[in-house]
Amino acid sequence: MSGAPRIITLAAPTSIDVRTNACGTPMAVARRRRWVQVASQHEHWQIDDEWWRQPVSRSYHVVALEDGTLLTLYRDRTSGQWFLQR
Amino acid sequence: MHSLALCLWLPTFELRLELVRAPELDGTSVALLSPETHARRTLWQVCERAWHAGVRPGQGLAQAIALCPSLTLLEPDPTHYDTAREEVLEALGTLSPVIQPDEERGKIFLGMSGLGRLHGSAQNQIHLVLQRLLDVLPPALVATTRAGMAPGTFGAWVAAVRARPGQPCVVADDPAELARFLEHCPVTSLPVDPATIERLERLGLSTLGQVARLPEGAMVAQFGAQGRDARAWARGERMDPVRPRFRPRPIRVTLDLPAPAGQLMVLNAALRRLLDRGLASPARRGRSIHTFRLIAQLEHKGSWGLEIVLRQPSAHAESLAFALRSKLELAPPPRAVTSLTLEFTGFAGAAQQNDLFSRDERSGRAATGHQLAGGKVPAALRDAVRELKLRLGHSPLYRVVELDPWSRIPERRHALLNFDPTDA
């Protein structure tokens with residue numbers, strides 16, 4: 001029995017808690033039930049796409065945490081929620 | 001429980017074996033050349049007569065001959081020495097189940113704990129061991145064997161050095177007795193690097209007793225971890241047990257060359273045939289090769305060998321041949337070769353992962369481009385998936401497929417698609 005082919009999306013975003021400053025820049029990220037401070041901001045860009053069906057509007061940030069982890073985060077501008085891309 | 005050890009030491013074992021083969025040289029000045037053929041040849045072992053003339057191991061040939069013009073130089077025959085030692089180990093294995101060969105062929109440790117009830121007193125046990133040696137070695141060689149028995153391999157080695165041929169040295173299986181025995185032994189018997197020995201001597205420490213009396217902190221401060229070990233050995237506190245050797249049955253294939261050959265091209269062709277035969281051996285099936293060695297019988301007597309330890313075990317003839325070729329080019333046999341023997345001595349588990357995408361296979365990925373997606377997959381991969389499906393109920397393999405590689409949204413670019421080549 002084989003069934004239908006299974007497809008797994010790569011680089012699927014997952015929801016994440018982020019503390020921001022007044023400008024909306026990430027300052028701390030929740031990692032394993034504790035807050036880790038953002039040590040530095042590396043990149044920031046914005047995408048607006050697929051306006052013709054379900055609009056996608058994201059504000060991306062590449063940040064380095066205090067523990068050395070490099071994360072790509074985005075804020076969904078339609079819902080206001082934060083996601084971790086990888 | 002103490003680990004009672006017996007050390008058998010046959011100094012200049014290899015040279016003595018040569019003298020057994022050529023008894024007419026006994027009583028003359030003889031030296032054995034070092035086995036390294038790619039470097040400048042030096043002396044490896046020298047007989048007592050040559051020693052008195054000033055000839056020493058490690059000397060260059062010109063210097064040695066200048067010191068002793070009548071010196072006879074012998075080419076080493078490592079295969080002969082290895083065979084002789086294997087016979088010794090086999091013979092001793094009938095007396096003690098725990099045997100630890102040393103890097104030096106003439107030094108062997110035997111675990112003797114618990115053998116007293118079987119073979120009697122320590123002297124009796126040593127007598128039995130030497131008797132067993134007579135089954136495989138000529139009496140002249142056994143007569144020069146030194147035997148030392150003590151708790152731990154270090155104590156046994158020092159005892160063997162202190163012993164005289166025919167007069168074994170026995171230290172009772174008691175730490176206090178061992179400490180008393182070691183007290184007056186020289187620091188040169190410590191198994192630490194020569195620089196440490198030299199520093200100990202320069203500090204005025206010539207006996208193990210003097211080292212034993214120093215505080216541990218002082219030894220560690222001066223010599224680090226080696227200092228701690230040296231002190232523990234000197235005090236008789238460290239008694240390393242005899243470690244039994246792990247020796248899987250080797251797979252051996254031999255090829256006699258129709259005519260002596262020295263050209264690398266001919267040797268490489270012969271090696272390829274040997275590898276194919278060795279890998280096809282039923283005893284090898286399901287295992288990959290980790291360590292193997294090549295032994296060559298040379299024209300006009302003598303042998304030559306090299307050992308290869310692979311970083312990653314392999315069962316591919318091409319990988320093994322590549323390693324062999326590389327070493328052969330660096331250090332080729334010194335003379336023409338009459339026969340080649342390939343021995344697989346170390347094994348690891350089956351290296352299936354590498355076989356899955358075999359380049360040799362016609363239906364392999366590399367041979368046919370991107371046919372994995374087209375349905376034609378290597379047979380080894382299909383078999384592996386079939387086996388996994390039997391265990392898990394589904395194929396746990398996926399392949400990466402492009403969805404929209406230029407999309408600005410990362411999760412839209414690629415995906416994993418379940419991969420099951422056995423469905424077709």
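Analyst: Two strands are said to pair if DSSP finds at least two bridges between them. The model discussed here is predicted.

User: Which residue of β14(B) does Y398(B) stand opposite?

Analyst: β13(B) and β14(B) pair in the antiparallel sense, with five bridges between them. Within β14(B), the residue opposite Y398(B) is N418(B).

User: In what order do the three strands of the open sheet lie?

Analyst: β14(B) also pairs with β1(A), in the antiparallel sense and over three bridges; there, I8(A) stands opposite L416(B). The edge strands are β1 of chain A and β13 (398-402) of chain B, each pairing on one side only. From one strand to the next the twist averages 30 degrees. The order is therefore β1(A)-β14(B)-β13(B).

User: Which element supplies the largest share of the side of chain A that touches chain B?

Analyst: The contact involves 14 residues of chain A and 12 residues of chain B. On the side of chain A, β1 (7-9) and β5 (34-49) each supply at least two residues. By class, that side has nine nonpolar, three polar and two charged residues. The largest share, three residues, comes from β1(A).

User: Which residues touch the most other members of the largest nonpolar core?

Analyst: This core has 51 residues, and another core of 21 residues, including I251(B) and F292(B), lies apart from it. A159(B) touches C7(B), G148(B) and V171(B), among others, not counting residues up to four places away in sequence. The residues touching the most other members are A5(B), L6(B), C7(B), M149(B), A156(B) and A159(B).

Conventions
Residues are numbered from 1 along each chain as its sequence is written. Chains are lettered from A and ligands numbered from 1 in the order in which they are written. This is a predicted model: local features need pLDDT of at least 70, side-chain atom pairs count only at pLDDT 80 or more; totals for chains, interfaces and linings use all residues. Two residues are in contact if their C-beta atoms, placed from the backbone, lie within 7 Å. Helices (H or I, at least four residues) and strands (E, at least two) are DSSP runs, numbered from the N terminus. Ala, Val, Leu, Ile, Met, Phe, Trp, Tyr, Cys and Pro count as nonpolar, Asp, Glu, Lys and Arg as charged, and the others, Gly among them, as polar. A nonpolar core is a set of buried Ala, Val, Leu, Ile, Met, Phe, Trp, Tyr and Cys residues joined through C-beta atoms within 7 Å. A residue is buried if 20 or more other C-beta atoms lie within 10 Å of its own, exposed if 12 or fewer, and partly exposed in between; C-beta atoms are placed from the backbone. Axes are lines fitted to C-alpha atoms, for helices over the stretch in contact, and angles run from 0 to 180 degrees between N-to-C directions.
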